[in-house]
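This briefing is intended for a reader who is meeting the structure for the first time. Please keep the sequence and the model at hand while reading.

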Amino acid sequence: MTAPTVLSIEGLSIRFGGLTAVEDLTFQVREGEVLTLIGPNGAGKTSAFNAITGYIQPSAGDIVYRGECLVGMKPNQIAARGVVRTFQKTSVFSGLTMFENVLTGLHLRGKQHPLAIMLGLPSVRRDEERLRAEAWEILKLVGIEARAGEQASALPYGELRLLEVAVALAAKPTLLLLDEPVSGMNPTETADFMTLIGRIRALGITILLVEHDMKMVMGISDRIVCLNQGRIIADAPPAEIQKDPEVIRAYLGERYVRARG
Amino acid sequence: MTNRILSLAWVAFLISIPFWMEDLYYLHVLIVTGIFIIAAMSLNLLLGYTGQLSLGHVAFFGIGAYVSSLVSLGFEIHVLPNTTVSLDPKPVWFAMLVAVIFSGLCGWFIGRVSFKVRGAYFVIVTVSFAEVVRLVSLNWMELTQGPMALNNIPYLTLGIPEVFEVEFIGKVPCYYLVLAVAVFTYVVIRRLVQSRAGRAMIALRENEPLASSVGVDVTRVLVLATIVSAGLAGLAGALYAHYVRIVDPDVFLFIYTVTMVIMVITGGKGTLAGPIVGGLVFGIFPEVLRGFQVQPEIQWITYGVLMILIVYFLPAGIVPAIRSLLPRRLVEGGDGSVEPNATAEARS
Ligand SMILES: Nc1ncnc2c1ncn2[C@@H]1O[C@H](COP(=O)(O)OP(=O)(O)OP(=O)(O)O)[C@@H](O)[C@H]1O
Ligand SMILES: [Mg+2]
């Protein structure tokens, strides 16, 4: 009784000049699951994210989301279809407040015609009120409403990372791609983030995650895909991944040694 | 709320000026400054909110001036050997409307052309566009009279002929006309930047990849901003044409674009009040110097020094600097707490 596939990656290859970042990648994401991509630095995880969300064009392969091919679409068109990502390198609207960040993220949920805006029609005012209420809900969901009025550039790192997730959630994703969301967070923040992932899941949002924090990866993933040098070396549930000799050799071994030392 | 009272007080003060300002020359300075402020506000929509520097902004201003003049004067041109296109003179209000629409279309064109170009390339596209338009105005003698200028441009009249008519001729009526258009421009831009469309523009300025990741169609937003910005600049140009009532290719001078950019940057780009404050400073300041009877060279040097000082010491501009001096509570709208409905108001 596996859930239906929502995202299907077939034979995806990404080349930068002579360098092959991703080679013949094939995997599926099923409705409602948390699927994590792991792999050593430079394995091609972020590149795969960039291709799925339209930031780079793959050299070959298909990316199909709920029956629609995403290859060739622009990022905003892909976002409009419910596929929304966060960035590995912290990325917010730093000159705006937290609240305005989320309000901006709500772009796809707004219904305001430019002419109606300039004429100052009451429908625009009502829509704004609705969006403000929604922004407030999202800030609460992520747990950062206390500092809603503060400028993003003045926020501590942990909250900045939460804000990124809040902005992405504002775009109403059905598939949320998170690129190393807890990197740089302390253990308490990471633990809190894991419960946040639970809340996001409860909303029916499917999650594709890239993460190096093994405690979190093992704790929240339904399935893990391990990449090495652009290729998939394993695709299995966490318990099996931990025992997979190739994964241990290419990635986990090195991590475990580092964690102990 | 405080903001609204402040704005109304401002407008009331501006309305009162012709009642006590006896020297009509100063009123003239205010009219020209007002027209430039309208153009600067329109530039601010692009430069301050979408973050794109249009160094050819005067093109839209000049196009507005020429189109409005030509439609109100009428013209006849020979396009092909046996074909002539002619237009009978139209009412000025109609000509101004055509000017706004035509400038807006030019903005649309520039927005489309700049589809993939940002930053330096956008600057080059806009500068080239302005230069091309200037050359057209200079050389298409049959239409524009070239350097001989379009003369006797009619002034604006509003109302019902024979019953009740207002003639916008002379300083006082023109002053109120410019004030009304400036308030209109301010309101349109304010509504825009405090809405979903404006947030998308700001998003484009702040972080383009993030903006597109939440579904902002970057091209669309840029095109909308250039259309509105160009249309309003065209409106300023049309006002100018029917005020001075003579238009020549010098309306396309690069120095005017530079003046607008200086007004926006010193006042505070990306703030609603910035272009107004910057415009007042740089529109009135040269006249103050003239009042002291300083030589033109000294005037220009002082002008330059003032600009450098402002940009150096207040890099974000005058308005943000003043705002940062005000107690935070006042800026946030009173009680310091941030309610869902209070934030945008507070930051406007
Ligand atoms: N825009 C680009 N141009 C050229 N090479 C690139 C580009 N983006 C990524 N690469 C290269 O592609 C390879 C894969 O990079 P990618 O960022 O996808 O790795 P990653 O798995 O996300 O690594 P990390 O865990 O460090 O984030 C690397 O060798 C990287 O240098
Ligand atoms: Mg990466």
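The structure is a predicted model. In chain A, the magnesium ion (ligand 2) has Thr46(A) and Gln88(A) as its protein donors. In chain B, helix H4 packs against helix H10, and the axes of H3 and H4 of chain B also come within 8 Å.

**The magnesium site**

- Thr46(A) is partly exposed, at 24% relative accessibility.
- Gln88(A) is likewise partly exposed, and its relative accessible area is 36%.

- With a relative accessible area of 4%, Ala51(A) is buried.
- Not counting residues up to four places away in sequence, Ala51(A) touches Leu12(A), Ile14(A), Ile56(A) and Ile63(A).
- Between Ala51(A) and Pro75(A), the C-alpha to C-alpha distance is 9.6 Å, and the two are 24 residues apart in sequence.

**The pair His212(A) and Glu180(A)**

- The side chains of His212(A) and Glu180(A) make a polar contact at 3.2 Å.
- His212(A) lies in the loop between strand E8 (206-210) and helix H8 (214-220) of chain A, and Glu180(A) in the loop between strand E7 (175-179) and helix H7 (187-202) of chain A.
- His212(A) counts as buried, at 11% relative accessibility.
- Glu180(A) is buried as well, with a relative accessible area of 8%.

**Positive phi angles in chain A**

- Most residues other than glycine have a negative phi.
- Glu180(A), which is not a glycine, has a positive phi of about 50°.
- Asp24(A), also not a glycine, has a positive phi of about 50°.
- Asp24(A) is placed in strand E2 (residues 19-30) of chain A.
- Asp24(A) is partly exposed, with a relative accessible area of 47%.

**Helix packing in chain B**

- Two packed helices are described by the angle between their axes and the distance between the axes.
- For helix H3 (residues 58-73) and helix H4 (residues 92-113) of chain B, the axes come within 8 Å and cross at roughly 145°.
- The crossing of H3(B) and H4(B) is right-handed.
- Residues of H3(B) in this contact include Phe60(B), Ile63(B) and Val67(B), and those of H4(B) include Phe94(B), Phe102(B) and Ile110(B).
- The contact of H3(B) with H4(B) comprises 13 nonpolar and 5 polar residues, with no charged ones.
- H4(B) also packs against helix H10 (residues 218-244) of chain B, at an angle of about 145° and with the axes 7 Å apart.
- H4(B) and H10(B) cross in a right-handed manner.
- Among the residues that meet there are Val100(B), Trp108(B) and Arg112(B) in H4(B), and Ile227(B), Leu235(B) and His242(B) in H10(B).
- The contact of H4(B) with H10(B) has 11 nonpolar, 9 polar and 1 charged residues.

**Buried residues in other helices of chain B**

- Thr185(B) lies in helix H7 (residues 171-193) of chain B.
- Thr185(B) counts as buried, at 0% relative accessibility.
- Leaving aside residues up to four places away in sequence, Thr185(B) touches Ile38(B), Met41(B) and Leu232(B).
- Ile310(B) is located in helix H13 (residues 296-313) of chain B.
- At 9% relative accessibility, Ile310(B) is also buried.
- Contacts of Ile310(B), not counting residues up to four places away in sequence, are with Thr266(B), Phe282(B), Pro315(B) and Ile318(B).
- Ile310(B) and Ile265(B) lie 9.2 Å apart, C-alpha to C-alpha, although 45 residues apart in sequence.

Key
Residues numbered from 1 in each chain as written. Chains lettered and ligands numbered in written order. Predicted model: local features only at pLDDT ≥ 70, side-chain atom pairs only at ≥ 80, totals over all residues. Heavy atoms only, no water. Helix = DSSP H or I, 4+ residues; strand = E, 2+ residues; numbered from the N terminus. Buried < 20%, exposed > 50% of the residue type's maximum accessible area, 1.4 Å probe, protein only. Polar contact = N/O pair within 3.5 Å; in protein donor to acceptor, adjacent residues only side chain to side chain. Axes fitted to C-alpha atoms, helices over the stretch in contact; angles between N-to-C directions. Left-handed = near helix turned anticlockwise from the far one by under 90°. Contact = heavy atoms within 4.5 Å. Nonpolar A, V, L, I, M, F, W, Y, C, P; charged D, E, K, R; others polar. Donors = N, O, S within 2.8 Å, 3.2 Å for Na, K, Ca; no water.
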